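Visitor: I would like to learn how to read the features of a model like this one. Please take them one at a time.

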Amino acid sequence: MFEHVDAYAGDPILSLNEAFQKDPRAGKINLSIGIYFDNEGRIPMLPSVRAAELAVVEAAGARPYLPMEGAANFRSAVQGLLFGEGHPAIAAGRIATIQGVGSSGGLKVGADLLKRYFPDSKVYLSDPTWDNHRAVFEGSGHVCETYPYYDPATGGVRFEALLAFFQQLPARSVVLMHACCHNPTGVDLTADQWRALVPVFRERQLLPFLDLAYQGYGDGIDEDAFAPRLLADEGVSFLIANSFSKSMSLYGERCGALSVVCPDADQAARVLGQMKFMIRRNYSNPPMHGGQVVAKVLTDPKLRAMWFAEVADMRERIQAMRRELHRVLVAKLPGRNFDYFLTQRGMFSYTGLTADQADRLKNDHAVYILRSGRMCVAGLNTRNVEATAEAMAAVLGA
Ligand code: LMR
């Protein structure tokens with residue numbers, strides 16, 4: 001019956017992480033998947049999240065189905081976090097938010113919605129982007145193409161090329177953009193570049209779809225929401241999928257959301273209705289527990305303040321590891337420029353290593369980075385950073 005089913009080639013991120021788990025070598029270093037590990041190499045249980053979870057469990061009662069769109073307290077807390085409490089777009093009721101299954105689930109619901117109501121629109125992804133973006137949108141039947149983004153020559157954004165590309169796109173094209181901490185490059189648009197895009201979005205009638213999976217890992221929780229707040233202020237219609245996997249260290253709880261910022265409340269109500277339909281036919285309704293933990297952290301002033309401080313600690317630890325990696329690499333290979341480790345932001349660095357070099361890093365040194373050259377800097381700690389830098393220097397110097 002299933003003779004014709006192809007073998008799965010595996011996922012470039014998840015399969016590599018599985019290979020790491022099976023690697024018997026002592027001292028192996030996992031810089032593959034986008035997970036924040038603390039300095040002890042553990043996935044942290046944030047004290048704010050732990051306290052919220054205990055309170056949620058204490059108060060837990062019956063477990064009815066959540067509504068298709070998720071829990072109301074979670075959805076409104078997400079809106080406040082993304083757009084700022086009391087933002088006029090929230091007050092006007094023109095943002096439709098659903099509780100997703102991680103931000104991947106939000107991307108999927110958004111992709112389905114767009115396929116139904118923008119069937120002829122192509123989806124444009126940054127070159128490069130998160131490995132799963134194309135799969136999610138193609139899985140919903142979209143045709144995906146790329147727009148210029150990363151410049152390997154400068155280690156920056158090809159902003160003029162990006163702007164020129166957007167300026168010739170057909171109306172209602174979907175442009176998928178990373179709101180902060182670009183995955184995989186760690187190279188972000190500046191505030192001025194975002195501002196320069198606003199008239200292009202308007203005049204070309206483009207539909208931005210933001211992905212905000214690393215809120216707080218760039219400059220801060222509010223600072224990293226600059227792009228959605230700007231677009232909402234400027235009256236641009238757009239979608240945004242966001243996640244609490246990284247920011248609350250709640251990976252397996254699959255907590256995230258999809259928000260669609262609409263011109264008015266009437267359109268937002270209809271968009272919300274259709275998102276409910278997309279959810280109903282995908283997975284019916286979201287799970288309860290993780291979302292309630294997130295809502296508790298966001299709505300309890302004491303826990304919220306704790307969480308902001310915990311995210312700052314994670315962000316600063318990553319920055320310290322970037323500095324240390326840079327220091328050792330510069331000492332080992334003095335002729336080379338490794339400044340990109342200092343300027344890239346968030347969890348990831350695009351190392352510039354080739355697939356072959358990444359393979360050698362894994363095979364000869366038990367250091368796992370993606371074959372695209374992406375390294376999860378958040379997997380470094382004071383015990384493995386030197387060994388990582390030495391392994392990289394060996395591979396680069398060979
Ligand atoms: C990553 O990019 O490594 C993370 O977002 C995890 C994933 O699902 O790919």
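Guide: Start with E85, whose relative accessibility of 59% makes it count as exposed. Keep in mind throughout that this is a predicted model.

Visitor: Why does 59% put E85 in that class?

Guide: Exposed means over 50% relative accessible area. E85 has 59%, so it is exposed. As for its place, E85 belongs to the loop between α3 and α4. The C-alpha atom of E85 is separated by 40 Å from that of L16, a residue 69 positions away along the chain.

Visitor: With which residue does E85 form a salt bridge?

Guide: The partner is R304, and the closest N and O atoms of the two are 3.7 Å apart. A salt bridge requires a side-chain nitrogen of Lys or Arg within 4 Å of a carboxyl oxygen of Asp or Glu, so a pair at 3.7 Å is counted. R304 lies in helix α12 (residues 301–332) and E85 in the loop between α3 (72–83) and α4 (88–91), so the bridge ties together parts that are 219 residues apart in sequence.

Visitor: Is R304 buried or exposed?

Guide: R304 is buried, at a relative accessible area of 18%, whereas E85 is exposed at 59%.

Visitor: How many salt bridges are there by this rule?

Guide: The count comes to 19 salt bridges. One of them joins R270 to D266, with the closest N and O atoms 2.5 Å apart. These two residues are four apart in helix α10 (residues 265–282), so about one helical turn separates them. R270 is exposed, with a relative accessible area of 54%, and D266 is partly exposed, with 44%. Salt bridges can also share partners, and in this way D188, D219 and R345 are joined into one network.

Visitor: What is the distance between the closest N and O atoms of D23 and R25?

Guide: They are 2.8 Å apart, and the two residues form a salt bridge. D23 is buried, with a relative accessible area of 8%. R25 is partly exposed, with 31%.

Visitor: Now the aromatic rings. What describes a pair of them?

Guide: Two values do: the distance of the centres and the angle of the planes. The count here comes to 14 aromatic pairs. Among them, Y150 and Y350 form an edge-to-face pair, 5.1 Å from centre to centre and with 85° between the planes. This pair links distant parts of the chain: Y150 is in strand β5 (residues 150–151) and Y350 in strand β11 (residues 348–350), 200 residues apart. Y150 is buried, with a relative accessible area of 15%. Y350 also counts as buried, at 15% relative accessibility.

Visitor: Why is the pair of F166 and F201 called tilted?

Guide: Planes under 30 degrees apart count as stacked, over 60 as edge-to-face and the rest as tilted. The planes of F166 and F201 are at 40°, with the ring centres 6.3 Å apart, so the pair is tilted. F166 lies in helix α7 (residues 159–167) and F201 in helix α8 (residues 191–204), so the pair ties together parts 35 residues apart in sequence. Both F166 and F201 are buried. Together with Y147, they form one aromatic cluster.

Visitor: Which ring has the charged end of K28 over it?

Guide: That is the ring of F20, with the charged end of K28 4.6 Å from its centre. In a further case, the charged end of R374 sits over the ring of F348, 3.8 Å from the ring centre.

Visitor: Which residues form a nonpolar patch on the surface?

Guide: M1, F2 and V5 form one, and together they have about 430 Å² of accessible area. F2 is in the segment before α1 (14–22). F2 is exposed, with a relative accessible area of 65%.

How values were computed:
Residues are numbered from 1 along each chain as its sequence is written. This is a predicted model: local features need pLDDT of at least 70, side-chain atom pairs count only at pLDDT 80 or more; totals for chains, interfaces and linings use all residues. Side-chain values use heavy atoms; hydrogens and water are left out. Patches are made of residues with over 30% relative accessible area and no salt bridge: like charges are joined within 9 Å, nonpolar side chains (Val, Leu, Ile, Met, Phe, Trp, Tyr) within 5 Å. Accessible areas come from the Shrake-Rupley method with a 1.4 Å probe; for residues, only the protein chains shown count as cover. Buried means under 20% relative accessible area, exposed over 50%, partly exposed in between (1.4 Å probe, protein chains only). Rings of Phe, Tyr and Trp (its six-membered ring) pair if their centres lie within 6.5 Å; planes under 30 degrees apart count as stacked, over 60 as edge-to-face and the rest as tilted. A charge sits over a ring if NZ of Lys or CZ of Arg is within 6 Å of the ring centre and within 35 degrees of the ring normal.
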